[in-house]
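This report covers strand pairing and aromatic contacts in one protein model. Please keep the sequence and the structure at hand while reading.

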Amino acid sequence: YSDFICGNLTGDSKNELIVLGINISDKSATAKVLSLNSNSIDEIGSVQLDGGITSYHTPVLSTLSDSRPAVYVDAVKGVGTITEIIWFEKDVLTNTKRSNIEEENITFRTTLATTQDFNNDGILEVPISQILKSTEKNEEIDKVYVTNWSSFDGKSFKTVASAFMNYSDGYYLTISENILDKLYLARKIDSKLRIFYLYDLKTETQGDEVFRIMAVDKNSYSEETYEGQSYEVAYENDTYVYLIRVENNNPVGMTEEILKASFGVLK
C-alpha cells in the first residue's frame with residue numbers, strides 16, 4: 001500500500017482499515033476497505049481510483065454533505081492535484097469516477113489548495129478551479145483562476161464559497177457569485193499588488209478600477225509612505241500589513257466594509 005487510514009466508513013459500530021495503493025508502472029490506483037472479524041481480515045470493498053495518481057497526501061475521514069462517512073484523499077497527478085472521495089453507496093465502495101459523476105476529474109488544480117473545511121461549517125470542501133471569464137479567451141496573459149470551495153453529497157458538487165487564493169502573499173478574498181463575471185484581475189507580482197477592474201463580458205473590454213489589495217512587508221511599512229493614497233489597513237500580522245483601497249460609487253457595490261469582511265489570511 002501507499003497510504004492508509006483507520007475509521008468507521010460503513011456506519012456500523014466498528015472501524016475499518018482503508019488502504020490506498022498505487023502501481024505507477026501499470027498506471028493504476030486502488031482503494032480497498034478491510035474489516036477485522038473474529039477469525040479473519042475480510043475485504044469488504046474495492047474501487048479503482050484515477051490511474052494518473054503518483055502519490056497521496058494524508059487521507060482524511062469525514063462525511064459527505066449528507067452526513068454519510070467518506071474518505072477524502074488529495075493526490076498528486078502530473079503537475080497538479082486531484083481529490084478522490086471514497087464512500088459506500090448501498091454497500092458498494094464507490095468514488096466519483098465509478099458513479100459516473102464526472103467524465104474528467106473536475107477537481108484537478110495546479111494551485112496549492114487542499115481539501116479543508118473552508119467556511120467552518122463542519123463539512124469538508126473540495127477546491128475546484130475555475131478560470132475567471134475575463135481571462136479565459138485572452139491568449140496574451142496568464143489565466144486567472146478562482147477557487148470554488150465545494151461540498152459533495154454523493155451526487156454532485158455544490159459551491160459554498162468562491163475565492164481568489166493568493167498563496168504567495170498569504171491571503172484569500174471571497175467573492176460573491178453575482179460579481180465574479182464582472183471583474184478583471186491584474187497582478188503586479190513584484191509589488192505584491194492585485195488590482196480588480198470592471199469587465200464587460202459582452203464587449204470583452206476592461207473598465208475602471210473597483211478595488212485593490214497590497215501586501216506590504218511589515219518591517220518596511222509606515223503610514224507616511226501611503227498617506228494621501230486612500231489606503232486602509234485590512235489586516236496585519238508579523239509578516240505583512242495588508243492594505244485595501246476601494247473606488248467610491250463603483251457599480252458592483254463594493255465597499256471597504258464588504259472588502260474587509262471578505263478578506264482572510266491563510267494559515
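Which residues of strand E1 (residues 3-7) are on its covered face, and which are on the uncovered one? The covered face holds Asp3, Ile5 and Gly7, and the uncovered face holds Phe4 and Cys6. In a regular strand, side chains alternate between the two faces of the sheet.

The model is predicted, so local features need pLDDT of at least 70 and side-chain atom pairs count only at pLDDT 80 or more, while totals for chains, interfaces and linings use all residues. Residues are numbered from 1 along each chain as its sequence is written, and side-chain values use heavy atoms, with hydrogens and water left out.

**Strands**

Helices (H or I, at least four residues) and strands (E, at least two) are DSSP runs, numbered from the N terminus. Two strands pair if DSSP finds at least two bridges between them. E1 is joined to strand E2 (residues 16-23) by 5 bridges, and the two run antiparallel. Asp3 has Leu20 of E2 as its bridge partner.

An open sheet is formed by 5 strands in the order E14-E15-E16-E18-E17, with antiparallel pairing. Strand E14 (183-188) and strand E17 (232-236) are the edge strands, each pairing on one side only. On average, neighbouring strands of this sheet are turned by 25 degrees against each other, direction ignored. Axes here are lines fitted to C-alpha atoms, for helices over the stretch in contact, and angles run from 0 to 180 degrees between N-to-C directions. Between E17 and strand E18 (residues 240-246) there are 4 bridges, in the antiparallel sense. Tyr235 stands opposite Tyr242 in E18.

**Aromatic contacts**

Rings of Phe, Tyr and Trp (its six-membered ring) pair if their centres lie within 6.5 Å; planes under 30 degrees apart count as stacked, over 60 as edge-to-face and the rest as tilted. By this rule there are 15 aromatic pairs, including the two below.

| Pair | Centre to centre | Angle between planes | Class |
|---|---|---|---|
| Tyr1 and Phe4 | 5.5 Å | 90 degrees | edge-to-face |
| Tyr240 and Tyr242 | 5.7 Å | 55 degrees | tilted |

Buried means under 20% relative accessible area, exposed over 50% and partly exposed in between (1.4 Å probe, protein chains only). Tyr1 is exposed, at a relative accessible area of 70%, whereas Phe4 is partly exposed at 40%. Tyr240 and Tyr242 are buried. One aromatic cluster is made up of Tyr171, Tyr240, Tyr242 and Phe263.

A charge sits over a ring if NZ of Lys or CZ of Arg is within 6 Å of the ring centre and within 35 degrees of the ring normal. Arg245 lies over the face of Tyr231, at 5.4 Å from the ring centre.
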